[in-house]
Amino acid sequence: VKSYDKKSIEVSLEEEVDSSYTTNVSATLRLLRHDPKMKYMFGLNAIFGLSAAFVNSYVNGEVVEIALDDEDNKYVGYLGATTAGVAAVSSLLFGFLCKKIGKGPVLILGVFAFLGVVLPFLVYPEVENWGWPLLIMIYSLQGIGRATFEGTLRATFADFFPREKEGAFANIILQNGLASAIGYILPYIFTCTSSGGYCVEYSNGSFHNVLIFEVLLLFVATFAIVGYWRASVLFRQEYLYFQTDGVLL
């Protein structure tokens, strides 16, 4: 009977974990590099990552305090709960809608919800004149967008990449994480000198130009819609190709 000591078992487990990690990373990068559908789906992941960073860093951290005179940040929790509640209800509704009209329209709706988060800041940047109604609308729209990302988008990735699901889901994390990181850093790169309009004074006394961040969200949202359309066309072409050859996806 072959015996194993504790150390050899631990080493074996570590090797298995390392091997699995390497395989997942390889599959993630291979899918991103070689499957054009994945490149076109980047926008859908990026818009959520950027919008989440925008809300968490700028809206939660600065706008709520200015608009509601909330120096103690006591209202941020209530507004965050609004996003979570709307996301939960929307997820149920979108599950029903996907069966009726398909996943595509629901994903596009989510992109427009993220657009609705940023547009008020472009049209009416004087946040000191805002109040509860506008903030509740913004946090609700963020919840709608979040529901499409956490449910519909993941289901779409499973449909589009049926043979590479692990790599596909890993790409969601990679792309969303990269966009979020850019979103958190961006306001600190573009600074300005005096408060007014799109130049906002943060609570630490520094001035930041948020217009570039907001315009970037618009461009990414546009790319997300166009990219999804292109990826869906490629997916249908692949499906027809395999079906013609007698191989179903």
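The model is predicted, so local features need pLDDT of at least 70 and side-chain atom pairs count only at pLDDT 80 or more, while totals for chains, interfaces and linings use all residues. Residues are numbered from 1 along each chain as its sequence is written, and side-chain values use heavy atoms, with hydrogens and water left out.

**The chain as a whole**

The chain has eight helices and two strands. Helices (H or I, at least four residues) and strands (E, at least two) are DSSP runs, numbered from the N terminus. Along the sequence their order is α-α-α-α-α-α-α-β-β-α.

Of the 249 residues in the chain, 40% are buried. Buried means under 20% relative accessible area, exposed means over 50%, and partly exposed lies in between (1.4 Å probe, protein chains only). The accessible surface of the chain is about 13,400 Å², and carbon and sulfur atoms supply 63% of that surface. Accessible areas come from the Shrake-Rupley method with a 1.4 Å probe; for residues, only the protein chains shown count as cover.

Contact means heavy atoms within 4.5 Å. Among the contacts in the chain with a separation of 6 or more, 74% join residues 24 or more positions apart.

**Two helix pairs**

The table gives the axis values for two pairs of helices. Axes are lines fitted to C-alpha atoms, for helices over the stretch in contact, and angles run from 0 to 180 degrees between N-to-C directions.

| Pair | Axis distance | Angle |
|---|---|---|
| H3 (residues 42-68) and H7 (residues 165-189) | within 7 Å | roughly 40° |
| H5 and H6 (residues 132-160) | 8 Å | about 150° |

Angles under 35 degrees count as roughly parallel, over 145 as roughly antiparallel, 65 to 115 as roughly perpendicular and the rest as oblique. H3 and H7 are therefore oblique to each other, and their crossing is right-handed. On the H3 side, the residues in this contact include Phe42, Phe48 and Asn56; on the H7 side they include Asn171, Leu178 and Tyr184. By class, the contact of H3 with H7 has 10 nonpolar, nine polar and no charged residues. Ala, Val, Leu, Ile, Met, Phe, Trp, Tyr, Cys and Pro count as nonpolar, Asp, Glu, Lys and Arg as charged, and the others, Gly among them, as polar.

H5 and H6 are roughly antiparallel to each other, and their crossing is left-handed. Their contact contains 14 nonpolar, seven polar and three charged residues. A crossing is left-handed if the near helix is turned anticlockwise from the far one by less than a right angle, and right-handed if clockwise.

Threonine 152 lies in helix H6 and is buried, with a relative accessible area of 6%. Setting aside neighbours within four places in sequence, threonine 152 is in contact with Phe94, Cys98, Lys103, Val106, Leu107 and Ala147. Phenylalanine 94 is 58 residues away along the chain, yet the two C-alpha atoms are separated by 7.6 Å.

Isoleucine 108 belongs to helix H5 (residues 103-123). Beyond neighbours within four places in sequence, isoleucine 108 is in contact with Ile225 and Tyr228. Isoleucine 108 and alanine 224 are 116 residues apart in sequence and 8.4 Å apart in space, C-alpha to C-alpha.

Lysine 37 is part of helix H2 (residues 36-40). Is lysine 37 buried or exposed? Lysine 37 is buried, with a relative accessible area of 1%. Apart from neighbours within four places in sequence, lysine 37 is in contact with Phe160, Phe161, Ala231, Leu234, Phe235 and Glu238.
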